[in-house]
Amino acid sequence: MGRTGRMNERNVAAQVVSEVKKAIVGKDNVLVKVLAAILARGHILLEDIPGVGKTTLALAFGRALDLRFARMQFTPDVMPSDVTGFSIYDKAAGAMTYQPGAVMCNLFLADELNRATSRTQSALLEAMEEGQVTVDGVSRPVPQPFVVIATQNPVGASGTQRLPDSQLDRFLLRLRIGYPTPSEELELLRRRQYGQTMDGVARVADRADLERMRQAVDAVHISDEILSYIISLVNATRRHPQLIQGASPRATLSIASVSRAVAFLRDRDYVVPEDVQCIWREACAHRLLPAPGAEGTAEDIAAQVLRGVDSPKIR
């Protein structure tokens, strides 16, 4: 891909972020990381208290990218077949026919995922990892592109349970939106006076644009020095005395892929250590399991690891 092509794709990416900002006030850093995860072909877990805009963020990205969108509220009575689909007997055809589930879309919003049963949560794993669902022994591909944005309330909130480690590991990034500042909240109120915040979000890209942006990310160069830096960081989590579970090989692959997406969004065709550092905690901390009595959270330990590993000097 030539320089002109890369510039065009970066312009489209910037337009997508600008459109989403019409619905989400003051969280530019979060929006860029969500887009980076989408461009890296990953899935996003938004963990925060209710009411800070998690669902609005997912809706805005779906509209700006013109993705076929489906939302499911993961209450305890949701069944796996609601997610994957099911077979039903068609009397006219004299055969079983497949009825698509909610996951058959481009952007699937799994709202409050950690309120559902473990069996229902696990129904998402095959779609997230292999891009398909299997119903009655028949595997069917999910539409492409396919992105899951899941939201969860903090563990310990009413009606929640911790997501299994195997499912957490499928998410490329875990992000928190957080409370708005007083000035951001004032701007949100001003916008709401003139209509719903989603009203101004327009389609500025389509699935073909998204694929071209992903191809541009694939072309971003990542040197052996940066790859070795990522491996050193990941291995430091596996040796850390306050962790009983470090980051997986899937984490290594995830960090490398999203670092390339960050470099692309920063108008570079090569990765530097700052790109890795930018997403390190969001790509790593949810995969770590602190030992009983550990000092600090997984995020604290991930930050400690980042400070303890020397950054390479890239010319």
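Guide: Helix H9 (residues 207-218) and helix H11 (residues 249-265) have axes that come within 8 Å and cross at roughly 105°. Axes here are lines fitted to C-alpha atoms, for helices over the stretch in contact, with angles from 0 to 180 degrees between N-to-C directions. Helices are DSSP runs of H or I with at least four residues, strands are runs of E with at least two, and both are numbered from the N terminus. H9 and H11 are therefore roughly perpendicular to each other, a label for angles of 65 to 115 degrees. This is a predicted model, in which local features need pLDDT of at least 70 and side-chain atom pairs count only at pLDDT 80 or more, while totals for chains, interfaces and linings use all residues. Residues are numbered from 1 along each chain as its sequence is written, and side-chain values use heavy atoms, with hydrogens and water left out.

On the H9 side, Met213, Ala216, Val217 and Asp218 meet Ser257, Arg260, Ala261 and Phe264 of H11, contact meaning heavy atoms within 4.5 Å. The residues of this contact are five nonpolar, one polar and two charged. Nonpolar covers Ala, Val, Leu, Ile, Met, Phe, Trp, Tyr, Cys and Pro; charged covers Asp, Glu, Lys and Arg; the others, Gly among them, are polar.

Next, helix H13 (residues 298-308). Its buried residues (under 20% relative accessible area, 1.4 Å probe, protein chains only) include Ala298, Ile301 and Val305. Among the elements covering the buried residues of H13 are helix H10 (224-239) and helix H12 (273-284).

Cysteine 284 is also buried, at 0% relative accessibility.

Key:
Buried < 20%, exposed > 50% of the residue type's maximum accessible area, 1.4 Å probe, protein only. Parallel < 35°, antiparallel > 145°, perpendicular 65-115°, else oblique.
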